[in-house]
Amino acid sequence: MKITVIGTGYVGLVTAVSFAESGNDVVCIGRNKKKILEINGGRSPFFEPGLDEAITRVIKNHRLSVSDELDKYVAECEIIVLAVGTPTVNNKIDLSELKEACRAIGIGMRKSDIYQVIVVKSTVVPQTTQDVVLPILEKFSRKRAHTFGLCMNPEFLREGSALIDATKPDRIIIGQYDNKSGATYAKAFHANKCPILFTTLTTAEMTKYVSNSLLSTLISFSNEMSRICEIIPGVDAVDVWEGLHLDGRLSPVINGKKIYPGILSYIRSGCGYGGSCFPKDTKALYYFAQKRHIKTPLLKSVIDINTSQPLRLVSILKDVLGSIDGKRIAVLGLAFKPDTDDIRESPALTIIATLLDLHASVVCHDPQVYKHGIPMGLTGMNVQLAPTLERAIQNSDAVVLVTSWNEYKLITPRVLKKLMQKPLLIDGRRMFNKRLFEKNGVTYSGIGLKPQQPSL
Ligand code: NAD
């Protein structure tokens, strides 16, 4: 099928590549000429495992091209997918990018005499597709609904494994304005074997928010439990989670083998969720409910716990180190999770800002985030960006682990003892083996563990 995807961000580009990989002819529409050139040259403007190789493949076999000529391509495509940003601004979902793109699509649709289906892939609060997108499309295309199709297809990809998630999804949810819309769009997924669930537009919108709210709730629940563990001598939340995960209802035995489902990765101690989805989507849903006089105290707590969770790590550091004033602190990991260079709403940003307020000298490391330039979220922050992990750790008073990058597994007690005078590791993701570090002369503390003063 001929598909246009609007947006060259994490969702737009990955969706375009994934549709192209499954044999569709895809044009991805961007606004930034430099980015467009980069992608057409086979390189993603952001880091995502396997994406450069996949882009090169689909550009080479002419399945994908990237352009800024929205008008031209919208007119000739059967499917037009909206993958533009929908941030939460001042407690409300900001639909300005979506509305602008809908106006442009509507104008482009005027020149087309084929049946076209417009698909909202951006995350939008319930009723947006019906009450905001549809009227704009009708007005600017000068066509009535039914003469064109409309779908809402929430995206569930996770940054860091976006390509696999998009090419091999576990489910496809198609909210449809009418049966013809859904049936036409479903043809784009001819290569996918997973279940396709057809729903109303609003059910599809709501499913995405419920999914992100559940995962956020598990994370905040785990972090609240971790806070209780932190005041009880002899309790380590990591052991508590291990005991919990062994529950056969959470990790069933199938064909004689214990299965640990992916959902368990959300039931662990950490320094909070970040990224471009959970924080903004939980807030957008909370305010959506508030506005309609629905009380959602659980959702409110989930958001509040998460807002304060990065500060727990700084508190633990303070408890162990005493004063932070003038101390050199190595913050390891800036991305909100491993395998991405995305720092939107990353707990690292809150942790760094708090450390700077406490007059620490902060040196950061991340394997990807500033590899090709300093992202906007970091400009203006008075921090050093270390060229190597070793340079970040060297001579620091404490190492604070924020993102569990695989590269950080190279950190051993021997490395810390070689590079630091008094080795101190504060583990925000509980990725290291506490006993191994303690046994080998490193002061170790972290989320879910009662902070202990270093032994003299
Ligand atoms: P993003 O900010 O990385 O990308 C959005 C892109 O759209 C930007 O590059 C912007 O320039 C472009 N854009 C906006 N208006 C445009 C126009 N008129 N023409 C061409 N390009 C235009 O955002 P994202 O992370 O890709 O997310 C997009 C949507 O998908 C959001 O609604 C988000 O909530 C949702 N989502 C994101 C993820 C994720 O992991 N990032 C996962 C699932 C759903």
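Biologist: How far is a nitrogen atom of the ligand from an N or O atom in the side chain of Glu 159?

Modeller: This is a predicted model, where local features need pLDDT of at least 70, side-chain atom pairs count only at pLDDT 80 or more, and totals for chains, interfaces and linings use all residues. Residues are numbered from 1 along each chain as its sequence is written, and side-chain values use heavy atoms, without hydrogens and water. Polar contacts are pairs of N or O atoms within 3.5 Å (within protein, one must be able to donate a hydrogen and the other to accept it, and residues adjacent in sequence count only if both atoms are side-chain atoms); for Glu 159 and the ligand nitrogen, the distance is 2.8 Å.

Biologist: Nice! Which residue has a polar side-chain atom 2.6 Å from an oxygen atom of the ligand?

Modeller: The ligand is surrounded by 25 residues, each with a heavy atom within 4 Å of it. Arg 31 places a polar side-chain atom 3.4 Å from a ligand oxygen. At 2.6 Å from a ligand oxygen is a polar side-chain atom of Lys 280.

Biologist: Which residue's backbone oxygen does the side chain of Asn 192 reach?

Modeller: Asn 192 sits in the loop between helix 8 (179–186) and strand 10 (196–199); helices (H or I, at least four residues) and strands (E, at least two) are DSSP runs, numbered from the N terminus. Beyond neighbours within four places in sequence, its contacts (heavy atoms within 4.5 Å) are Thr 167, Pro 169 and Ile 172. At 3.2 Å, the Asn 192 side chain reaches the backbone oxygen of Thr 167.
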